[in-house]
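Hello,

Here is the model I promised to pass on to you. Please open it alongside this message, and my notes follow below.

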Amino acid sequence: MVLWVILPVSLALVSFLGTWTVYGLALSNKHVCSLTDWGGENFCRGNYSSGCCLVPTISTSGRSAPESSLFSATINAGAFLFLLFCIFHHAHILEKHACHFMLSRVGLAFGVVAAMGAFAAGNCNVICPCFTTLELPVSFLCICFYTTILTALTRLCTLSGYERILFPLRVASTVLQIIVTICCILHRGLILLGFYNHKHTEVYEVSFQSFTRKRQTPFSVFEWMLSVNLQLFELSFAVEFCFFSSFMLANIFGKQEDEKPLMLTMS
């Protein structure tokens with residue numbers, strides 16, 4: 001049914017428009033610095049919060065009022081739609097290519113964890129920012145595995161007939177997602193390693209603070225790249241959802257029709 005295409009389209013649009021609107025509000029209210037500010041001289045350090053701005057990551061953009069409410073609503077809606085997306089895609093695989101149900105189930109598990117992590121991050125962003133800082137990387141890491149599995153399923157399963165076009169596009173998107181995720185992890189690792197060693201000398205502490213400020217913006221750019229790339233990846237599944245039908249959900253919540261006569265015979 002063609003109407004099911006609304007799910008991946010709305011998921012991509014809600015995430016894209018919501019997060020960038022939050023960033024625009026935070027930037028206009030001077031709560032975060034610009035993504036083009038590579039110097040890092042205006043970044044808040046320590047307990048100082050006046051006359052400075054926060055690093056423009058996705059989570060810090062929604063940390064202050066009034067944009068915090070829109071951030072929570074956007075992340076909650078995106079997490080819910082992403083969870084439905086994962087479930088419906090799994091049902092589609094079970095209907096068309098049940099032989100790959102195990103690989104699809106593993107992908108579903110990664111998708112559910114990513115959705116739960118995003119939901120927790122959206123509701124704890126103001127109360128516990130440190131928890132959000134941990135949950136978002138976990139979500140992006142799970143999404144990295146999820147996009148890899150869905151790309152593999154695109155090659156193995158024919159759901160729309162356009163897989164020859166979609167597969168190379170999703171391979172490129174998945175490779176970009178993996179590379180940028182690795183860059184984010186390495187970047188955070190370098191900062192944590194420097195934070196662990198900064199106490200040895202005062203000179204090193206000054207150089208470490210300068211190093212950290214100048215490299216916060218690249219990390220923010222990496223995070224926004226991951227978000228936009230994921231939204232484009234999700235949007236590509238509008239093709240498959242044109243061939244989705246509501247009866248396919250019975251593959252998850254009940255037994256398939258061809259299994260029922262066999263069960264009655266055995267009983």
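How much of the chain over residues 70-91 is helix, how much is strand, and how far apart are the end C-alpha atoms? That span is 100% helix and 0% strand, with its end C-alpha atoms 31 Å apart. Helices here are DSSP runs of H or I with at least four residues, strands are runs of E with at least two, and both are numbered from the N terminus.

Before going further, a word on the source: this is a predicted model, in which local features need pLDDT of at least 70, side-chain atom pairs count only at pLDDT 80 or more, and totals for chains, interfaces and linings use all residues. Residues are numbered from 1 along each chain as its sequence is written, and side-chain values use heavy atoms, with hydrogens and water left out.

**Helices and the record**

The unreviewed UniProt entry annotates "transmembrane region" at residues 70-91, 103-122, 134-153, 174-196 and 232-253. Those positions are in the numbering used here, the feature name is shortened, and such annotations may be inferred rather than shown by experiment. Residues 103-122 are also 100% helix and 0% strand, and their end C-alpha atoms lie 29 Å apart. Overall, the chain has 10 helices and zero strands.

**Burial and contacts**

Of the 267 residues, 43% are buried (under 20% relative accessible area; exposed is over 50%, partly exposed in between, with a 1.4 Å probe and protein chains only). Taking contacts (heavy atoms within 4.5 Å) between residues at least 6 apart in sequence, 76% join residues at least 24 apart.

Ser173 sits in helix H6 and is buried at 11% relative accessibility. Beyond its neighbours within four places in sequence, Ser173 contacts Asn229 and Phe233.

**Surface**

The accessible surface comes to about 14200 Å², with 72% of it belonging to carbon and sulfur atoms (Shrake-Rupley method, 1.4 Å probe; for residues, only the protein chains shown count as cover). Ile165, also placed in helix H6 (residues 163-197), is exposed with a relative accessible area of 55%.

**Cysteines**

How many disulfides are there? The count is zero, a disulfide being a pair of cysteine sulfur atoms within 2.5 Å. The sulfur of Cys99 has its closest cysteine sulfur in Cys157, and because these are 6.4 Å apart, they are too far for a bond. Cys99 is exposed at 63% relative accessible area, whereas Cys86 is buried at 2% relative accessibility.

Best wishes
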